[in-house]
Amino acid sequence: MRESKWESLIDGASSFCAKHDIMIPEMDKNYHLGKPKRRSSSVTYAYHFRDGVFNTVIDLQLSELNRRFDAVNSNLLLGMASLSPDNSFANYDKDRTMKLATLYPHEFSGSKLEDLSYELDNYILFVKKTMISLT
């Protein structure tokens, strides 16, 4: 998220600011704390916002998620997210889905897990091919 979402966040924020006539600082200019003459800095606005704000917020959110969810709950959430059909199953992860199935031992015995592994490959290929043919 640190790498892939920064640009889309900046684009969205810039669009919002332009729409509402909000001044946007030049990102390559130096960021100043307080009055510019008193406290000059070699840190740019882009660096300040990306590393000082954006990444700090991501770190806080991750630590809060880790505090609230144990490994089983995290695996459950990640397994469910990997089944999302958004963007032609871009988040699909067979290993996470298989790990999700192991959380339900009454539903998936050893032989059923083997069948599921094979069926998941076929299903995802079929759905992706169907989605491509629809577009």
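Reply: About 200 Å³ of space lies in the second largest pocket, a pocket being an open set of points on a 1 Å grid over the protein atoms alone, where a 1.4 Å probe fits and protein lies on both sides within 12 Å along at least five of seven lines. The volume is the space filled by probe spheres set on the points, which are joined across faces, edges and corners. The model is predicted, and totals for linings use all residues, whereas local features need pLDDT of at least 70 and side-chain atom pairs pLDDT 80 or more. Residues are numbered from 1 along each chain as its sequence is written, and side-chain values use heavy atoms, without hydrogens or water.

This second largest pocket is lined by 13 residues, with Trp6, Ile10, Ala13, Met27 and Phe49 nearest its centre; a lining residue has an atom within 4 Å of a point. Helix H1 (6-19) and helix H2 each give two or more residues to that lining, and H1 supplies the largest share, six residues; helices are DSSP runs of H or I of at least four residues, numbered from the N terminus. By class, 12 of the lining residues are nonpolar, one is polar and none is charged, where Ala, Val, Leu, Ile, Met, Phe, Trp, Tyr, Cys and Pro count as nonpolar, Asp, Glu, Lys and Arg as charged, and the others as polar.

The largest pocket, with a volume of about 240 Å³, is lined by Leu62, Leu65, Asn66, Phe69, Ser74, Leu77, Leu78 and Arg96. Helix H2 (45-68) and helix H3 (71-81) each give two or more residues to this lining, which by class has five nonpolar, two polar and one charged residues.
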